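Could you walk me through this structure, one selection at a time? I have it open in a viewer and would like to know what to click next and what I will find there.

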Amino acid sequence: MKNALLILTLAFGIVACNGTKKLSTEYMYPAESQISLRKGPCFGQCPVFEFSIDATGAATYNGKKFTDRSVMHAKQFNAAETNSIFKQFESADFFSFEDEYIANVSDLPGAWITFKHKGQEKEIYCYFKIPQELVDLIASADALAATEGWKATETE
């Protein structure tokens, strides 16, 4: 019985150890690298805000309309979160996308996504028929902007 219990304990220990990921504790990208997202209005109550994060994890959020945070806020993201989003932008070959995705359609919220990295900078206006890979990048930036823990740097 003791041997069976010992084997079972060891098996759980091995599975538990193999299931953990080691998260990076160091920022891996040049400090001057930056990702920015601006969301524009629509005819309804679309959130209007500006979000940016640099490669050191320093981020700002400025809510304009229809957001929970209506003034400038700041937050420090950890290395794992920061490295992850910068890796996504780098892997997606952001600089190869078109400069804009538009159409003669009304009432869609526009988004401007910008990536500064290794001496290059590009802003893309996203409105209609946006490639899925670019939609995913916008969603990643939007998800960081929606996290908790922001501290107001201005009074409301």
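Here is a short tour of some salt bridges, a loop residue and a pocket.

Before you start, keep in mind that this is a predicted model.

**Stop 1: R38 and E123**

Side chains of opposite charge can pair when their charged atoms come close. The model has four salt bridges, and the tour visits some of them. Select R38 and E123 to see one, with 3.3 Å from N to O. R38 sits in strand β1 (residues 34–39) and E123 in strand β7 (residues 120–126), so this pair ties together parts that are 85 residues apart in sequence.

**Stop 2: K39 and D142**

Next, select K39 and D142, whose side chains form a salt bridge at 2.8 Å, N to O. Which elements does this pair link? K39 belongs to strand β1 and D142 to helix α3 (residues 132–145), so the bridge joins parts that are 103 residues apart in sequence. D142 has a relative accessible area of 24%, which makes D142 partly exposed. Remember D142, as this residue comes back at the last stop.

**Stop 3: D99 and K122**

Now pick D99 and K122, where another salt bridge spans 3.3 Å from N to O. D99 is in the loop between α2 (79–91) and β5 (100–101), while K122 is in strand β7, so the pair ties together parts 23 residues apart in sequence. Is K122 buried or exposed? With 12% relative accessibility, K122 counts as buried, because the limit for buried is under 20%.

**Stop 4: I130**

Move on to I130, in the loop between β7 and α3. I130 is partly exposed, at 26% relative accessibility. Show the neighbours of I130: leaving aside residues up to four places away in sequence, I130 touches Y101 and V135.

**Stop 5: the largest pocket**

Which residues line the largest pocket? Select P47, F49, Y61, F66, T67, D68, R69, D142, A145, A146 and E148 to display the lining. D142, the partner of K39 in a salt bridge, is one of these lining residues. The pocket holds about 160 Å³ of space. Colour the lining by class and you will find six nonpolar, one polar and four charged residues.

Terms used. Residues are numbered from 1 along each chain as its sequence is written. This is a predicted model: local features need pLDDT of at least 70, side-chain atom pairs count only at pLDDT 80 or more; totals for chains, interfaces and linings use all residues. Side-chain values use heavy atoms; hydrogens and water are left out. Helices (H or I, at least four residues) and strands (E, at least two) are DSSP runs, numbered from the N terminus. Buried means under 20% relative accessible area, exposed over 50%, partly exposed in between (1.4 Å probe, protein chains only). Contact means heavy atoms within 4.5 Å. On a 1 Å grid over the protein atoms alone, a cavity is a set of points where a 1.4 Å probe fits but cannot get out, and a pocket is an open set with protein on both sides within 12 Å along at least five of seven lines; lining residues have an atom within 4 Å of a point. Grid points are joined across faces, edges and corners, and a volume is the space filled by probe spheres set on the points. Ala, Val, Leu, Ile, Met, Phe, Trp, Tyr, Cys and Pro count as nonpolar, Asp, Glu, Lys and Arg as charged, and the others, Gly among them, as polar.
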